[in-house]
Amino acid sequence: MARTLFANAVLVDPVALTQRPGAVLVEDGVIIDRFDVPGPDVPTAGVIDCGGKCLAPGIVDLGVKVCEPGERHKESYRSAGLAAAAGGITTMITRPDTLPAIDTPETLEFVTRRANEAAPVNVLCMAALTKGREGREMTEIGFLMDAGAVAFTDCDRVVTDTKVLSRALTYARSLGALVLGHQQDPGLSRGAAATSGKFASLRGLPGVSAMAERMALDRDISLVEMTGARYHADQITTARALPALRRAKRNGVDLTAGTSIHHLTLNEFDVADYRTFFKLKPPLRAEDDRVAVVEAVREGLIDVVCSMHTPQDEESKRLPFEEAASGAVGLETLLPASMRLHHSDGLDLAVLFRAMSLNPAKRLGLPCGRLDKGAPADLILFDPHAPFILDRWTMRSKSKNTPFDGARLQGRVLGTWVGGTRVHGGANA
Amino acid sequence: MSFGQRHLLGIEPLHPVEISTILDLAEHYVSLNRGASKHGDALSGLTQINMFFEASTRTQASFELAGKRLGADVMNMAMQASSLKKGETLIDTALTLNAMHPDLLVVRHPHSGAVDLLAQKVNCAVLNAGDGRHEHPTQALLDALTIRRAKGRLHRLSIAICGDIAHSRVARSNILLLGKMENRVRLVGPPTLMPAGIAEFGVEVYEDMAEGLRDVDVVMMLRLQKERMDGGFIPSEREYYHRYGLDAEKLRAAKPDAIVMHPGPMNRGVEIDGEIADDINRSVIQEQVEMGVAVRMAAMDLLARNLRAAPKEVWA
């Protein structure tokens, strides 16, 4: 395979946390060299002129829901893969909260085959931690790992029985498996559709205290400390949970944390007059919480930012708020929404890509997520300033439930390459 | 006369002037209702559909009577028994009804925001007859009218709302309305029945009933739902009555001429003592029911005027 030079780019390096002009040389789908000058003199067959735009490692999106098996009308591997490519996501880490849940090696093999046939980007699958995500018996963690599961999670169903969870964590530890947990005390959050507070009370919506997140995190930290498992908290969205997270990390617990782009860019007031596209799990928080979580991403206390892509069809959203389904699609809007954090909240691009590319790759032991020599050529070229107004009907996802419909956004992906092969963007950027 | 709304979905979007407009017109209908012939023609030729997704006797009867007295064709639909059971969504039901060209749609629904959702999908005027724990605007308006008639004004009064605030749409609409009209609102009840963030509503919160009722002009009691009594939110019915039930003893803390209100239906001996409820010198509970019909006539009259004044294509 020929060499390709990505010349005249601004390299966003999440390892060195820098953003400076440079170029990258790719051969056989791997980055083989990096230059500090935009137009180095290297004998190559092809040159891609990046036009002074940003070149960054492709996003590794931890926690994407593709609705196969079960609800392919909401999202298939084909549609999700195209959406991911358009959104600059080069690796999707998919969730097992499908119908049925991905809890056996057989289901996992089916899904992996579908994903490899249909999606133009890398797809890695997570599997359920307990059978049927019912929180009673652990799945065949060993077999599932052999079949390619990269992590284990029951998604938004919290394992309530601490005995079951502690055994699953202990078993996972023996295999070095990563476990993801959802932080939401199940009792306190029962029936909740919003975060309790003035807004929920005014709208008459059943609320859950922000404290429910800390309670669940505290519980899980205790169990992780007890079992020594590798653990990732999927969505930390409140200020109150952060001190517990900081303390646990300082004490050397093998713990990382993520948050969703929606909790970083929206707050509870965006629900306004019962707009169900803003119904998420956990619910959107107060502005103080949003700001605190943005700061936690800046300082690296929260490691991972993901889209928490959750497709829902029109029918499940066209209902009274309490009855409507939770979740929002995010594959195509993750990058432009994250640029809000850059433009409005002052987050460096390198810090953003540390959270969106480098950290999730590191946590899963993947070689991607960086612009270093030897890393796979999973690259995205984007313009952080390009403005546009989002029309949800132009999105590639089968489900159009985005909270950013009609929003003014900045930041467009100009090209996406997976293993050196272009999967999105014009003929020659 | 100033009333610029297309729907009556809640008190929140109303301007104080609009509230006064409704109340002023309602006064006129109080006189009409007390006369020998109770017929008006403000709604003649119009179709009013009452859609109640939640059981109701008094509110539905009140809306029905209000529509009939103003000459509308009124149809009642008992929605618990109908197509929703067959799996039809709220929006489909709304579209089906919309195709029958109603002019006024009166809706009660167990979920907050459901009436707003419905209003977006139909091109008639929608009146919220109570949605979940969100709002119940006509109840707040009839309470306001009752207070205004009893006290001679609807501003600078001290009003205590007592009981299950958390689950009450009546409380929310009243807090909003009384606040807009510049009254001091106190909320009295056990903390388990107070909504979160209530201190930010511009109200004073009391857990002690005697303290909360001190020198108030109006005592507004709320109904306590049976299913909330058994240990879930309060320990027991009798403990609740002891601490928060309105009796002569607790009422002594209020002003000597304070009035007692209740949106009904009452649980005598749970939230209110029977004697207080029947005391014609203090209780205005029967008057509230009377005002209910007048206020609903006024609200539908005003909405119908806007409906007739609006160019047709806007509604399409």
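**Domain 1 and domain 2 of chain B**

Author: Chain B is split by its domain assignment, automatic or from a database, into domain 1 (7-135 + 290-309) and domain 2 (137-285). This is a predicted model, where local features need pLDDT of at least 70 and side-chain atom pairs 80 or more, while totals for chains, interfaces and linings use all residues. Residues are numbered from 1 along each chain as written, chains are lettered from A in the order written, and side-chain values use heavy atoms, without hydrogens or water.

Reader: Thanks! How far apart are the C-alpha centres of the two domains?

Author: They lie 26 Å apart.

Reader: And how many residues are in contact?

Author: Counting heavy atoms within 4.5 Å as contact, 32 residues of domain 1 of chain B meet 25 residues of domain 2 of chain B.

Reader: What area is buried there?

Author: About 2400 Å², with carbon and sulfur atoms giving 63%; that is the accessible area (1.4 Å probe) lost on putting the two parts together, summed over both. In domain 1 of chain B, I11(B), L23(B) and R133(B) lose the most area to domain 2, together 26% of what that side buries.

Reader: Switching to charges, how many salt bridges cross the interface?

Author: Four, by a rule that wants a side-chain nitrogen of Lys or Arg within 4 Å of a carboxyl oxygen of Asp or Glu. E54(B) also forms a salt bridge with R169(B), with the closest N and O atoms 2.8 Å apart.

Reader: Which element gives the largest share of the domain 1 side?

Author: α1(B), with 10 residues; helices here are DSSP runs (H or I, at least four residues), numbered from the N terminus.

Definitions and conventions:
Helix = DSSP H or I, 4+ residues; strand = E, 2+ residues; numbered from the N terminus.
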